[in-house]
Amino acid sequence: MAKMSPARTCPVAAFQKMISGKYKLRIVWDGPRRYGEIRSGLLRGASGSAEITPRVLSRELKALTMSGLIDRKDFGEVPPKVEYRLTRKGKSFVPVVAAIREWGERNLGEATALADAAE
């Protein structure tokens, strides 16, 4: 008998796999943006840490698109204009991210605890 992968049998494991990665939750939380806006403003790390690299950002955006949380719209212009926006599935995910944030604010209240948890 073939074994089923944990992601297929457990919704929590599937969810964890879908959002795993350093930046995915922040991309979803921030909603629709153009690539350059995400790259330059939304995903800067904590003070003193490096900005996300283009390769990592592209990988995260592709994964979120494949999971159905965001949609990519290419305007077919030169210079390239691409916009990412939440799908219906992505919009339904925003309250989950908000709940995670609220839990973090309640239970990781100290600034140092938040910084340590983010690393």
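The structure holds one aromatic pair (ring centres of Phe, Tyr or Trp, the last by its six-membered ring, within 6.5 Å; planes under 30 degrees apart are stacked, over 60 edge-to-face, the rest tilted). This is a predicted model, in which local features need pLDDT of at least 70 and side-chain atom pairs count only at pLDDT 80 or more, while totals for chains, interfaces and linings use all residues. Residues are numbered from 1 along each chain as its sequence is written, and side-chain values use heavy atoms, with hydrogens and water left out.

**Overall fold**

- The chain has seven helices and three strands (DSSP runs numbered from the N terminus: H or I of at least four residues for helices, E of at least two for strands).
- Along the sequence, the pattern reads α-α-α-β-α-α-β-β-α-α.
- Of the 119 residues in the chain, 22% are buried (buried is under 20% relative accessible area, exposed over 50%, partly exposed in between, with a 1.4 Å probe and protein chains only).
- Take the contacts with a separation of 6 or more: residues 24 or more positions apart account for 42% of them (a contact means heavy atoms within 4.5 Å).
- The chain has an accessible surface of about 8,600 Å² (Shrake-Rupley method, 1.4 Å probe; for residues, only the protein chains shown count as cover).
- Carbon and sulfur atoms supply 57% of that surface.

**Salt bridges**

- The chain has four salt bridges (a side-chain nitrogen of Lys or Arg within 4 Å of a carboxyl oxygen of Asp or Glu).
- One of them joins Lys24 to Glu60, with the closest N and O atoms 3.9 Å apart.
- Lys24 sits in helix 3 (residues 24-30) and Glu60 in helix 5 (residues 54-66), so this pair ties together parts that are 36 residues apart in sequence.
- Lys24 is buried, at 7% relative accessibility. Glu60 is buried too, at 6%.
- Another salt bridge links Arg85 and Glu83, where the closest N and O atoms are 2.0 Å apart.
- Arg85 is partly exposed, with a relative accessible area of 36%.

- Glu83 lies in strand 3 (residues 82-86).
- Glu83 counts as buried because its relative accessible area is 19%.
- Leaving out residues up to four places away in sequence, Glu83 touches Arg33, Arg34, Asp71, Arg72, Lys73 and Phe75.
- Phe75 also has a charge over its ring: Lys81 lies over the face, at 4.4 Å from the ring centre (the cut-offs are NZ of Lys or CZ of Arg within 6 Å of the ring centre and within 35 degrees of the ring normal).

**Helix 6**

- Arg101 and Glu105 form a salt bridge, at 3.5 Å from N to O.
- Both residues lie in helix 6 (residues 88-107), four residues apart, or about one turn of the helix.
- An α-helix has 3.6 residues a turn, so residues three or four places apart point the same way.
- Arg101 is partly exposed, at 49% relative accessibility. Glu105 is partly exposed as well, with a relative accessible area of 47%.
- The buried residues of helix 6 are Gly90, Phe93, Val97, Ala98 and Gly104.
- The 20 residues of helix 6 should span 28 Å at 1.5 Å a residue, and the end C-alpha atoms are 30 Å apart, which agrees (expected span is 1.5 Å times one less than the number of residues).
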